[in-house]
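Visitor: Could you walk me through the salt bridges and surface of the model we are about to open?
Guide: Gladly, let's bring it up.

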Amino acid sequence: MEQQLTDRPRSAAILAEHARWVARAKTPHVGFAAARARGAIVVDADGREYIDFSGGVGSLNVGHCHPKVVAAVRDQLDKFMHTDYAVVPYEVYVEVCRRLCEAVPGNSPKKALLFNTGAEAVENAVKIARYATGRPAVIAFEGAFHGRTYMAMSLTSRVHPYKAGFGPFVPEVYRIPYPNPYRGITTDMVMESLQRLFRAGVAATDVAAIIVEPVQGEGGYIVPPDDFLPRLRDVADEHGIVLIVDEVQTGFGRTGRMFAVEHVGVEPDLMTVGKSLGGGLPLSAVVGKATLMDAPVPGGLGGTFPGNPVACAAALAVFDIIQEENLLARAEAIGRTMLERMRGWVERYPFVGDARGRGAMVGLEIVKDKESKQPDGQLTQRIVRRAWENGVIILQAGLEGNVLRFPMPLVITDEQLNRGLDILERSMQEAAAAR
Ligand SMILES: Cc1ncc(COP(=O)(O)O)c(C=O)c1O
């Protein structure tokens, strides 16, 4: 359908070529192609501007092409682009690891390893946990998203379109519910499910790791009660289970802290990070307790490109920008503005069931009606489409695809934010009227 757009002829031409040459599994979210982007603005091939509430799915907390990131990348390009760190090491890799270890909460000595993607970080965190404990099992949550490689996909919860038809999956993955205040799933219920799993599914002594998102991302921007992670931490400690906190989406200021675990004072054993770490370039990491990180033998973990020096140079700029531009406070302010506005929408519109968030990680749940709370994924999809047609890029999330999420660059201006929210509200009205 997008290919027939007559008001965006250059984008239409690119998308026609896309349909010819790119496998259909990679389906674009919007009906235009990017030509350039700065800060929180994307310009399409026909010169139209969009306010970017998607931020490369949360990978651009410092914004598109931040001048400091661009300068750091250019500087590194003049030096060298690749060696393979395991063959010839270099300083920017070490510096990124040091900055990560210093940034992750908790007093235990830390070490880090760099990778390319969030999924790769997850794979390696599980490898480290299994190697260190000598145990096979991993516990994940309903609604979890940890990536699309085989271990990560096995940990990921959503079946369509991520898992259906792609099995068999990695064995020894067990799943329990994630708390959901809007839908009445409490921390007590989750803890009871965990204890039942230990009785009816897998022995706690066979569990290498529990992997958890501190705020569920792809699962629908679900903020768990504050006692959830501390209680999970206690169970992990009791049974010698490695607690892996996946901060790929929540990290680098999204929730108003550098990492979301800081809100509840929990020290992860291992943390996975990615997305915004590289300022727009692919870079991810596992960072955690040195005793665990050092468990695998020399040469036991690696790859050709992990910790590419250009991405590392960008990441060092990202650490500086977050500090210099007060992006943690900015995330809080963005979240306040959004939630204030969106709570009004919950009252005003029968199809807006819930507005929730932590810092600038804000989700809006779209339902058929407030009484049944039945998810309305189709209306959500129409809102997403109306929004980009009207000039704002937003994203869908949730097991039923009925949550709107907005992981925008934190450098967005107040004017852009408010204009984007105006457009979003109008798009919701238009999409609902077309029902
Ligand atoms: C929490 C979480 N973990 C892991 C991943 C996978 O990251 P990537 O797509 O870079 O492999 C994502 C991606 O959205 C994520 O949100």
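Visitor: Is Arg233 buried, partly exposed or exposed?
Guide: A word on the ground rules: this is a predicted model, where local features need pLDDT of at least 70, side-chain atom pairs count only at pLDDT 80 or more, and totals for chains, interfaces and linings use all residues. Residues are numbered from 1 along each chain as its sequence is written, and side-chain values use heavy atoms, leaving out hydrogens and water. Buried means under 20% relative accessible area, exposed over 50%, and partly exposed in between, with a 1.4 Å probe and protein chains only. Because the relative accessible area of Arg233 is 9%, this residue is buried.

Visitor: Which residue forms a salt bridge with Arg233?
Guide: A salt bridge here is a side-chain nitrogen of Lys or Arg within 4 Å of a carboxyl oxygen of Asp or Glu. Helices are DSSP runs of H or I with at least four residues, strands are runs of E with at least two, and both are numbered from the N terminus. With the closest N and O atoms 2.8 Å apart, the partner is Asp237.

Visitor: How many residues apart are Asp7 and Arg48?
Guide: These two form a salt bridge, with 3.5 Å between the closest N and O atoms. Asp7 lies in the segment before helix 1 (9-21) and Arg48 in the loop between strand 2 (41-44) and strand 3 (49-52), so the pair links distant parts of the chain, and the separation is 41 residues.

Visitor: How many salt bridges does the rule count?
Guide: Some residues are linked in a network of salt bridges, namely Arg385, Arg386, Glu389, Arg426 and Glu430. By the rule, the count comes to 32.

Visitor: What is the area of the nonpolar surface patch made by Tyr150, Phe166 and Phe169?
Guide: Patches are made of residues with over 30% relative accessible area and no salt bridge, joining like charges within 9 Å and nonpolar side chains (Val, Leu, Ile, Met, Phe, Trp, Tyr) within 5 Å. Accessible areas come from the Shrake-Rupley method with a 1.4 Å probe, and for residues only the protein chains shown count as cover. Tyr150, in helix 6 (residues 150-155), is partly exposed because its relative accessibility is 44%. The patch covers about 290 Å².
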